[in-house]
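Hi everyone, thanks for coming. Have a look at the sequence and the structure on the screen, and I'll walk you through a few places in it.

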Amino acid sequence: MKNKERLYTSVFLSPFSYLRPSVRTEAYVVLTLLILQVAMLFLTKSFDSLIIIASSLLSSYFVDFVNKEKNYRNSFTIIASSIRGLIIGLMLPSAFPPVAVFFVSLVILLINKHALGGFANSWVNPVAVTVAVCWIIGMKFFPEPSLSMEALNSKNIALSLIQNGSIPMNSFDVTVTNFLNRRVFSLFGVVIPEGYFSFLWDSHSSIPAFRFNLLTLLSSIVLFSMDVINPIIPVVFICTYSFLVKCLAPCFYNGLPMHGDVLLALLSSGTLFSTFFLLQWHGTAPFTSRGKWVFAIFAGVLAFFILGIGLSPAGFAFLILITNVLSIFIQGVENHFLREYTSSVLMQQVKEIKDGSNA
């Protein structure tokens, strides 16, 4: 009898199931992936960047918890504040004054929280606004490597930057590159030059979000596999931007036709990080498949004109702000067609009921 009673002491929600992870679960996943980025900063002893992140985190927590002690009991509020603060810190250069980071973030996040709808309802990305304002008031702190005409006219711009030391090589690059060429790329008849693995592993940019592209790519696999982000926008955006860089970019600097450096474009400017962590911020992206396609293609074209071939220190922040405005119009069109569709369905139901009663 006791065993039977124990069988009914727990209640389960089965057979109910979710079609996708909850917002809380998504937030936990994103926070974990961001913490990995911070862990890499610890491993590389990038303490200046860690101080910037601490400043942005402090301002983010202050906005959510000042005069509202009950928020400390809400774990989701803490997670959302952490995500927001971490991304702001990761998108700013290590040389930026930490005090300025705190106060700029504080003002922008207060406006976003009390005037623009907060975490889920804001039409503008607060991280992009913060980065854009920091760039305007402290442009000198954002690094922008210069390219010689010789490098621009070369077939491989990224390789030129690696060879001239603009992109440092790690000590283990040669060993890893030789292993990959011998064991992996030789199967396809391809050889990658030395330095590319360093660019992918750690570009040593002063902006942390630009540095660990391999970790960002692995994070994107997690985000896609767990259905945290929809793949339409990032995939279509990257394909559009890459196509334009490959085909059209050389026309602007007398480079070799159809030989634009796609790797440089994707591995610099924080392109990968911003694509996976910022481009689909809650409330700032369309919700239908057609809307996502339009949004992503427009963002890819815009990226080509703002970021160019890459190496832009803050261009992605302005790209996101422009696409946020575009998203308002796309969502307006989506809502219009959704209302029309709902009205047509209701009218059809009313007609069927009337026909049934008359019969």
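First, the ground rules. This is a predicted model, where local features need pLDDT of at least 70, side-chain atom pairs count only at pLDDT 80 or more, and totals for chains, interfaces and linings use all residues. Residues are numbered from 1 along each chain as its sequence is written, and side-chain values use heavy atoms, with hydrogens and water left out.

Let's find helix 4, residues 75-90. Helices here are DSSP runs of H or I with at least four residues, numbered from the N terminus. From first C-alpha to last, helix 4 reaches 22 Å, close to the 22 Å expected for its 16 residues at 1.5 Å a residue; the expected span is 1.5 Å times one less than the number of residues. How many of the residues of helix 4 are buried? The count is 14 of 16, where buried means under 20% relative accessible area, exposed over 50%, and partly exposed in between, with a 1.4 Å probe and protein chains only.

One partner of helix 4 is helix 2, residues 23-43: their axes come within 9 Å and cross at roughly 40°. Those axes are lines fitted to C-alpha atoms over the stretch in contact, with angles from 0 to 180 degrees between N-to-C directions. The two helices are therefore oblique to each other, since angles under 35 degrees count as roughly parallel, over 145 as roughly antiparallel, 65 to 115 as roughly perpendicular and the rest as oblique. Residues making this contact include Leu31 and Leu34 of helix 2 and Ile83 and Leu86 of helix 4; contact means heavy atoms within 4.5 Å.

Now please look at Ser56, in helix 3 (residues 47-65). Ser56 is buried, with a relative accessible area of 0%. Among the residues it touches, not counting those up to four places away in sequence, are Gly85, Ile88 and Val101.

Finally, the rings. Rings of Phe, Tyr and Trp (its six-membered ring) pair if their centres lie within 6.5 Å; planes under 30 degrees apart are stacked, over 60 edge-to-face and the rest tilted. That rule gives twelve aromatic pairs. In one of them, Trp135 and Phe318 have ring centres 5.5 Å apart and planes at 80°, so the pair is edge-to-face. Trp135 sits in helix 7 and Phe318 in helix 17, 183 residues apart.
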